[in-house]
Amino acid sequence: MTVFAVAALVSCKKEDKPTPAVVTSVDFLVSGTSVGPHDLFSFETGARVANADSVSTKWDFGMRFEKFIVNSNASGPGSAGVQVLNSTFESVLEAPATGYAYDTTAAQLAVKGAQWYIYNSTTRTFAPIAGKTFVFKTARNTYAKMEVLSADPADDNGNPVVPPTRPTKIKYKLRFAHQASGSRTF
């Protein structure tokens with residue numbers, strides 16, 4: 001009888017739950033021009049990655065002005081994919097199992113500009129659309145969700161500039177949660 005009781009206790013063990021992902025906000029200063037290399041970012045480190053590492057899986061996405069690339073296929077050696085969801089950051093509790101877009105060619109990128117921002121032709125600025133959440137399958141097969149909180153014209157040091165001064169950089173404020181365990185649950 002005691003063997004049965006021990007077996008019953010072991011089989012009733014609660015399922016291990018992943019550690020909740022920590023929400024982090026960062027400023028990410030990227031090139032304000034539409035040509036040249038992209039500025040690269042890693043969810044694993046929560047920081048910029050050197051362009052010398054562009055042929056590695058150390059980065060997950062890159063930005064240049066308003067253009068996104070993800071570390072996959074045409075843009076890098078990783079397996080990063082992304083979905084832009086019409087959901088608030090807080091309401092995204094789990095990354096989808098399927099449906100990720102990848103950078104298949106230089107002209108066929110996973111993220112399209114009109115998906116996530118509105119352009120103001122008078123001020124020549126753009127603003128993130130509220131209620132858009134990026135969900136990434138990262139270059140190293142973990143998951144992250146991200147919200148672009150702001151995109152401000154800046155100089156090389158990240159100081160704000162106003163028209164007619166042309167910005168050399170765009171200062172993004174990003175909020176993200178990275179699930180390093182590989183779980184899709186945030």
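The structure is a predicted model, in which local features require pLDDT of at least 70 and side-chain atom pairs count only at pLDDT 80 or more, whereas totals for chains, interfaces and linings use all residues. Residues are numbered from 1 along each chain as its sequence is written, and side-chain values use heavy atoms, with hydrogens and water left out.

The side chains of Arg175 and Glu147 form a salt bridge with an N to O distance of 2.6 Å; the term denotes a side-chain nitrogen of Lys or Arg within 4 Å of a carboxyl oxygen of Asp or Glu. Arg175 belongs to strand E11 and Glu147 to strand E10 (residues 143–154), so the pair ties together parts that are 28 residues apart in sequence. Strands (E, at least two residues) and helices (H or I, at least four) are DSSP runs, numbered from the N terminus. Arg175 is also the bridge partner of Glu147 in E11. The antiparallel strands E10 and E11 are joined by eleven bridges.

E10 and E11 belong to an open sheet of five strands, in the order E1-E11-E10-E9-E6, with antiparallel pairing; two strands pair if DSSP finds at least two bridges between them. E1 and E6 are the edge strands, each pairing on one side only. On average, neighbouring strands of this sheet are turned by 30 degrees against each other, direction ignored. Axes are lines fitted to C-alpha atoms, for helices over the stretch in contact, and angles between N-to-C directions run from 0 to 180 degrees.

In the whole structure, eight salt bridges were found. One of them joins the side chains of Asp27 and Lys173 at 3.1 Å, N to O. This pair links distant parts of the chain, with Asp27 in strand E1 (residues 23–31) and Lys173 in strand E11 (residues 169–179), 146 residues apart. Asp27 is partly exposed at 44% relative accessible area, and Lys173 is likewise partly exposed at 31%. Asp27, Lys171 and Lys173 are linked in a network of salt bridges. A further salt bridge, between Arg184 and Glu94, has an N to O distance of 3.7 Å. Here the partners are 90 residues apart: Arg184 lies in the segment after E11, and Glu94 in the loop between strand E6 (81–85) and strand E7 (117–120).

Beyond residues up to four places away in sequence, Phe68 touches residues including Leu109, Val111, Trp116, Phe134 and Met146, contact meaning heavy atoms within 4.5 Å.

Tyr102 is situated in the loop between E6 and E7 and is partly exposed at 30% relative accessibility. Leaving aside neighbours within four places in sequence, its contacts include Val70, Ser72, Gly81, Leu109 and Lys137. Tyr102 and Thr138, 36 residues apart in sequence, are 11 Å apart in space, C-alpha to C-alpha.

Note on methods: Buried < 20%, exposed > 50% of the residue type's maximum accessible area, 1.4 Å probe, protein only.
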